[in-house]
Amino acid sequence: MPDIHLWIGPVVTPKDRDKVLDALSRLQRGDHLTISLEAADAHQAEPIIELLEDWGLDYQSRGDGDGQTYHIVASKPQEEGD
């Protein structure tokens, strides 16, 4: 169950979106994709979240306890019977 971790920003650009798309194409059931950015730039995460929704992924977002980093953790939903 490998995890893929990407750091994007400080400005979310089309190149960052391409990095996320590349990671999504490699994501298998049971894998987790963690996308991190500076907490001050979390307002820029909307295009990335929309991309995850378009791919039908489950995701949660959270900030670190230090208030410096914002993470989005995504995974493919489990199939019934898994």
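Helix α1 lies across strands β1 and β2. Its direction is at about 180 degrees to β1. Helix α2 lies across β2, β3 and β4, and runs at about 10 degrees to β4. This is a predicted model.

- Four strands form an open sheet in the order β1-β2-β4-β3, and their pairing is mixed.
- The edge strands are β1 (3–7) and β3, each of which pairs on one side only.
- On average, neighbouring strands of this sheet are turned by 15 degrees against each other, direction ignored.
- Strands β3 and β4 run antiparallel, and six bridges join them.
- Within this pair, G63 has Y70 of β4 as its bridge partner.
- R62 stands opposite H71 in β4.
- The hairpin of β3 and β4 has five residues between the strands.
- In a regular strand, side chains alternate between the two faces of the sheet.

**The two helices together**

- Helices α1 and α2 pack at an angle of about 25 degrees, and their axes are 11 Å apart.
- That angle makes α1 roughly parallel to α2.
- The crossing of α1 past α2 is right-handed.
- From α1, the residues R17, V20, L21 and L24 take part in the meeting of the helices.
- From α2, their counterparts are I48, L51 and L52.

**The buried side of α2**

- Which residues of helix α2 (residues 46–54) are buried? They are I48, I49, L51 and L52.
- Why do these residues sit on the same side of α2? They cover an arc of only 155 degrees around the axis, which puts them there.
- An α-helix has 3.6 residues a turn, so residues three or four places apart point the same way.
- The cover over the buried residues of α2 includes helix α1 (14–26).
- Strands β2 (32–38), β3 (58–63) and β4 (69–75) are also included in that cover.

**A74, a buried residue in the sheet**

- A74 lies in strand β4.
- Is A74 buried or exposed? A74 is buried, because its relative accessible area is 0%, and the cut-off for buried is under 20%.
- Leaving aside neighbours within four places in sequence, A74 is in contact with D31, H32 and L33, among others.
- The contacts of A74 also include L52, L57, D58 and Y59.
- A74 and I4 are 70 residues apart in sequence. In space, A74 and I4 are 9.8 Å apart, C-alpha to C-alpha.

**Backbone spots to look at**

- Most residues other than glycine have a negative phi, and most peptide bonds are trans.
- G67, in the hairpin of β3 and β4, takes a positive phi near 75 degrees.
- Which residues does a cis peptide bond join? The bond joins G9 and P10, with omega of about 10 degrees.
- P10 has its place in the loop between β1 and α1.

Terms used: Residues numbered from 1 in each chain as written. Predicted model: local features only at pLDDT ≥ 70, side-chain atom pairs only at ≥ 80, totals over all residues. Heavy atoms only, no water. Buried < 20%, exposed > 50% of the residue type's maximum accessible area, 1.4 Å probe, protein only. Arc of directions from axis to C-beta. Contact = heavy atoms within 4.5 Å. Pairing = 2+ DSSP bridges. Axes fitted to C-alpha atoms, helices over the stretch in contact; angles between N-to-C directions. Parallel < 35°, antiparallel > 145°, perpendicular 65-115°, else oblique. Left-handed = near helix turned anticlockwise from the far one by under 90°.
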